Amino acid sequence: MDTRIVGQVKRVNGPIIEARGITDALMQELVQVGEARLTGEIIKLQDGEAIIQVYEDTTGIAPGHNIYGTGAPLSVELGPGLIGTIYDGIQRPLEELEQISGIYIEKGISRPSLNREKIWPFVPLLKEGEPVEGGQVFASVQESQRINHKLLIPPDVKGTIASIKPEGEYTVEEEVAVVRTEKGDVPLRMYQRWPIRRPRPVKKRRPLEIPLLTGQRVIDALFPLAKGGTVAIPGGFGTGKTMTQHAVAKWCDADLIVYIGCGERGNEMTDVLTEFPELIDPRTGRSLMERTILIANTSNMPVSAREASIYTGITLAEYYRDMGLHVAIMADSTSRWAEALRELSGRMEEMPAEEGFPAYLPTRIAEFYERAGYMTCLCGEEGSVSVIGAVSPPGGDFSEPVTQHTKRFVRCFWALDRQLANARHYPAIGWLESYSEYTDDVSPFWAEKAGKEFLDNRRTIMELLQKEVKLQQVIKLVGPDALPDSQRFITEVCTLFKNAFLQQNAFDDIDKYSTVEKQTRMLAVIVGYFDRGNEAIKAGVPLAKIHRMPVLQDISKMKLTIPNDDPDQFDRLMLKMERGFAKLEELYV
């Protein structure tokens, strides 16, 4: 990349550098600082001076050192080879950097984001003379067993194919096609660059009507997330944010996962980096890394790179969305990203707002989540980016600014409950504070796949959970014996629902994932048990006798004993339950 001297260092304040004598520089231009050529970005220009945030350790930088401009904004490389790679916040391949400098990354060190030596099987899809425009697919590369990588015309290019290479094996650096435009010939390679802070263009947004199925019953049945939707997972330390994201990443029906470890502790990122390659994709039987991109930016890495990592991740997601794929982003955690904003803002001596965060915090949060969506892409395909952002409020206080502002811009909220986590009830998503505004949007999908009965059963169980809250308040005052059997039965059915349906064992081969049909049948069994038990109580059957029904144990264990591929067992369970209630009614009616 060509560089030129655009100014000199005036003052160093951690990752923030003040520069003087600035000439021929642009806002958000990528620059290199000092002879070590540390990567930075201009974030403020005024009267020949600039503020630069540097993405590396600035130790050794002193006033008078030269600043080199590149003439381009901070961008990422988009092309074959992204999947399965581990990057830092500014898309440097960490595994390659380790080979060069060892476990500690040296200052100023850099490697191309995409491997320049690896060859890829190139298959042209257009011929010479064909008209093309931005976003159109001109060739394909089989990037992994599951992902057929579509090579796209850059969004700002329009013309005709002047030449295109025949089918064969090429590196990403080789020129594979030329587009003749009104302004001249534009060479095309297998990769392109895109500024991380600019959303990639699309034809139009589409309504969010298809759920992102995760196999986690509390999510799919009670608080669904639509493909292209946004969700926040707030919770204090140890409540299971990372675990929930791991479960969603492994089991959701997205085509690609982008996992952003933004400011997390090193040991947590180590777990992710060691566990993800060993996880098996249940749909292909191969490593989960074949549909995963990891961005590791731990808490001991430069704070400004943490701020950029969020944008790097969502730009990679948008690129695969433009191919017609459904992408899910795991951002863990946006609170650390907001803390990076706060530190950088403080070093620039900006006026602080709530709890020291900058006044533009809500704007930045909104800009990030608004890049999600279900889109008709420029190539005519439909793709989506779903954002699942963890929030780490200090002390589990959901009233702090990051959580509150995030709630304004997301339509789904999975609130993690510390009491559930302490009781080893996972996923620890509380059913009282959580909500999803996508429930009505995805109802037609559930009505088609699971029948209208599922929606009715869901409504019934949600009403019971609300009633149970009021009944528990009474029980705390006067004890359970003061309630009539019909009301005590409600509390016991809710307890059954929490243990037999909402609680899920990620280490059990049967319970770790539930299909749509299994979730539907399990819910039908529990609501059927409630309806039938209510009838029996009204007919005079004592609640104590209902407790002793052998079928109750079968219902409690059905999540562990009935596999996804044998739904007929639910019919036998319902029949056994019906016979048990019929026998009780014969005795007491």
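Pro427 is placed in the loop between helix H9 (418-422) and strand S26 (435-436). Helices (H or I, at least four residues) and strands (E, at least two) are here DSSP runs, numbered from the N terminus. The model is predicted, so that local features need pLDDT of at least 70 and side-chain atom pairs count only at pLDDT 80 or more, whereas totals for chains, interfaces and linings use all residues. Residues are numbered from 1 along each chain as its sequence is written, and side-chain values use heavy atoms, with hydrogens and water left out.

Most residues other than glycine have a negative phi, and most peptide bonds are trans. Pro427 is joined to Tyr426 by a cis peptide bond with omega of about -10°. Arg424 also lies in the loop between H9 and S26; although not a glycine, Arg424 has a positive phi of about 60°. With a relative accessibility of 57%, Arg424 counts as exposed, where exposed means over 50% relative accessible area, buried under 20% and partly exposed in between (1.4 Å probe, protein chains only).

A cis peptide bond also joins Asp332 and Ser333, with omega of about 5°. Ser333 is found in the loop that connects S22 with helix H6 (334-347). In the loop between H6 and helix H7 (361-369) is Glu355, a non-glycine residue with a positive phi of about 50°.

## Strand pairing

Strand S1 (residues 4-13) runs antiparallel to strand S6 (residues 66-73), with four bridges joining them; two strands are taken to pair if DSSP finds at least two bridges between them. Gly7 has Ile67 as its bridge partner in S6. S1 also pairs in the antiparallel sense with strand S2 (residues 16-20), over five bridges, and Arg11 is partnered by Glu18 in S2. The hairpin of S1 and S2 has two residues between the strands, and Gly14 takes a positive phi near 65° there.

An open sheet is formed by four strands in the order S12-S11-S9-S14, with antiparallel pairing. Its edge strands, S12 (148-152) and S14 (168-171), each pair on one side only. On average, neighbouring strands of this sheet are turned by 40° against each other, direction ignored. Within the sheet, S9 (residues 119-124) and S11 (residues 137-142) are joined by three bridges, and Val123 stands opposite Ser140 in S11.

## Helix packing

Two packed helices are described by the angle between their axes and the distance between the axes. Axes are lines fitted to C-alpha atoms, for helices over the stretch in contact, and angles run from 0 to 180 degrees between N-to-C directions. The axes of H12 (residues 485-502) and H13 come within 10 Å and cross at roughly 165°. H12 and H13 are therefore roughly antiparallel to each other; angles over 145 degrees count as such, under 35 as roughly parallel, 65 to 115 as roughly perpendicular and the rest as oblique. H12 passes H13 in a right-handed crossing. A crossing is right-handed if the near helix is turned clockwise from the far one by less than a right angle, and left-handed if anticlockwise. The contact involves residues including Phe489, Val493 and Leu496 of H12 and Met522, Ile526 and Tyr529 of H13, contact meaning heavy atoms within 4.5 Å.

H6 and H7 pack at an angle of about 135°, with their axes 11 Å apart. That makes H6 oblique to H7. The crossing of H6 past H7 is right-handed. Thr334, Trp337, Ala338 and Leu341 in H6 meet Leu361, Arg364, Ile365, Phe368 and Tyr369 in H7.

## Buried regions

Helix H3 (residues 241-251) is mostly covered, with ten of its eleven residues buried. Among the buried residues of H3 are His246, Val248 and Trp251. Elements that cover them include helix H2 (217-222), helix H4 (266-275) and strand S24 (382-391).

The largest nonpolar core has 89 residues, and those with the most contacts inside it are Trp414, Tyr529, Ile546 and Ile555. Such a core is a set of buried Ala, Val, Leu, Ile, Met, Phe, Trp, Tyr and Cys residues joined through side-chain atoms within 4.5 Å. H13 (residues 516-538) gives the most to this core, with ten residues. Not counting residues up to four places away in sequence, Ile555 touches Leu496, Ala500, Val525, Ile526, Tyr529, Leu573 and Met577. A second, separate core of 73 residues includes Leu82, Phe138, Ala232 and Tyr320.
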